[in-house]
Amino acid sequence: MADAQERIASTAGLESSRRHVVDIEGLKLTFQTADGPVFALTDINLKVDEGDFVSFIGPSGCGKTTLLRVIADLEQPTEGSIMVNGVSPHEARMARSYGYIFQAPALYPWRTIERNVTLPLEVIGMAKAERLERARRYLKLVNLAGFEKKYPWQLSGGMQQRASIARALCVDPELLLMDEPFGALDEIVRDHLNEQLLQLWRQTEKTVVFVTHSIPEAVFLSTRIIVMSPRPGRIIDIIDCGFPPDRTLDIRETPEFQEVAHRVREGLRAGHGDDD
Amino acid sequence: MAMTTETAVLETGKRTLLATAMAGQAGPVSLLLLALVVIWYAGAVWMNAPWAIDRFEKQKIDWSAGDLLRATMVQKRPILPAPHQVLVEMNKTILQKKITSKRSLIYHSWVTLSSTLLGFAIGGILGILLAVGIVHNRTLEKSLMPWVISSQTIPILAIAPMVIVVLGAIGLRGLVPKAIISTYLCFFPVTIGMVKGLRSPGVLEMDLMRTFNASPWQTFWMLRWPASLPFLFTSLKVAIAISLVGAIVGELPTGAQAGLGARLLAGSYYGQTIQIWSALMTAAVLAALLVVLIGVIERVVLKRMGMKR
């Protein structure tokens, strides 16, 4: 525990020297629907530092996916300011400075795994030889070497999601945005991919913003956990957790892990109110 | 492991065509065919018997059931020709005639086929272009879609003579007016199918292209177009069959000199039912061959894209 706190302190100390990859101030997003306005996000203030692994956790309807989509310029905020990589989300998208990983792999069935991974490189207009070289490199990184010529349907769900991670990584973006990427997978595969993702994050030193509704997943992966609550969608707690970078799944049995998980659970419960 | 699955899949793919034709289904399929032939013969006997009985009675001949049966099979202008009469006529006009002869069904089939294919090509391209416009532009969708649908509510038999007459007045005769009637019929399923196909990519697939900052052109060629191909082939199968119908209908109003439609018309002028039926059967065989051809192209294309398992 003392070790963990020390880590939090050192993270805090470093904060000033590190760049904000995502910087959100007073952000609001209201959807106008036939039944009146829906307050998807209110008063969001959030800074994500370079190299952070930040998780949004909360019940469905709390706006965690919407917030991720705002960062990705897939939704437009109604109010407030947001900077991604020092520029507006739109400019960040134009500059292709993030990679987005969806809830489903969204691999195109008519392309081989290799050509799915090189899809964003084709959009950029990179030369073929370099495209293939990158595909090989990133498929190896996600442990899919040898599957280049397979079609998506020949791979399991977990392998498909890994291929989609390779596709997001291959443009070498500053930022990885992951929207419940393992939500559709069974727990055993999910545990395995969590370990692999952690390893990948250490190797690539990317900044990751991760959406989940699983407490153990959030606590295991993150440096910071953003606890969110619905109606209106808002941030109710920010929890730093600094487990050693070379942690394994065994850490989930330790009291320190349980303590952070407990705090997240308490936050979620408090935010839920008494409406259900 | 994955390797073996793949080879297994490939092998099943190869076997499917032959297997479905040869094994399991061959029995039921030929039984059904036999049943149809039997029903046809029964129908021929039933339809042609009154005339035969009439003849027997006028000539005051005693006749047995066997005589009647025979008499219904050999009439020159039966109400419903027996299958073998149609086959004999088809053999005579397809295999025994030189294909340059005006009486060869191959010659007439070619006349019809050429305008079918021309109309199909124009209609296919037109159908695709309309669908692309409709999918990408809301104004086009609002303004084109009602016309596309209402165009198909007008009976083609009503519009075909006008097209032929109007185009004939400006000097267009023969191939092109018929092809235009085919086009009129066959663009429709292509448009409807392609609108659905081009819209088939889901929200995730489309969002993915947005995160790549892909241009509309790139989104079209890398996502919408390949996703729409299975829909396109389904539409083309319908389109080529009705394109043939369009070409035949287009041959009727001019009292056309050549083509399967002309044979149908000539047959009905002179009460040559056997000639009508053999032209009909030839048209049916031709349509089936065209649909099978599209099916083969579909299999090859989708297999190369990895979409047929």
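**Figure 1. Spacing of the two domains of chain A in the predicted model.** The C-alpha centres of domain 1 and domain 2 of chain A are 25 Å apart. According to the domain assignment, domain 1 of chain A is made up of the segments 2-17, 49-76, 85-97 and 174-272, while domain 2 of chain A covers 105-172.

**Figure 2. Contact between domain 1 and domain 2 of chain A.** Domain 1 of chain A contributes 11 residues to this contact, and domain 2 of chain A contributes eight. On the domain 1 side, helix α8 of chain A (residues 187-204) gives the largest share, five residues. By class, that side of domain 1 of chain A has eight nonpolar residues, two polar residues and one charged residue.

**Figure 3. Helix α2 of chain A and the residue position after it.** Helix α2 of chain A spans residues 64-71. Eight of its eight residues are buried, so the helix is largely enclosed by the rest of the structure. Among the buried residues are Lys64(A) and Arg69(A), along with Leu67(A), Leu68(A), Val70(A) and Ile71(A); Thr65(A) and Thr66(A) are buried too. Asp73(A), which follows α2(A), has a positive phi, near 65°.

**Figure 4. Contact between chain A and chain B.** In this contact, 21 residues come from chain A and 20 residues from chain B. On the chain A side, α3 (89-94) and α5 (119-124) each supply at least two residues. The largest share of the chain A side, four residues, belongs to α5(A). The chain A residues that touch chain B comprise 15 nonpolar, two polar and four charged.

Note on methods. Residues are numbered from 1 along each chain as its sequence is written. Chains are lettered from A and ligands numbered from 1 in the order in which they are written. This is a predicted model: local features need pLDDT of at least 70, side-chain atom pairs count only at pLDDT 80 or more; totals for chains, interfaces and linings use all residues. A residue is buried if 20 or more other C-beta atoms lie within 10 Å of its own, exposed if 12 or fewer, and partly exposed in between; C-beta atoms are placed from the backbone. Domain bounds come from an automatic or database domain assignment. Two residues are in contact if their C-beta atoms, placed from the backbone, lie within 7 Å. Ala, Val, Leu, Ile, Met, Phe, Trp, Tyr, Cys and Pro count as nonpolar, Asp, Glu, Lys and Arg as charged, and the others, Gly among them, as polar.
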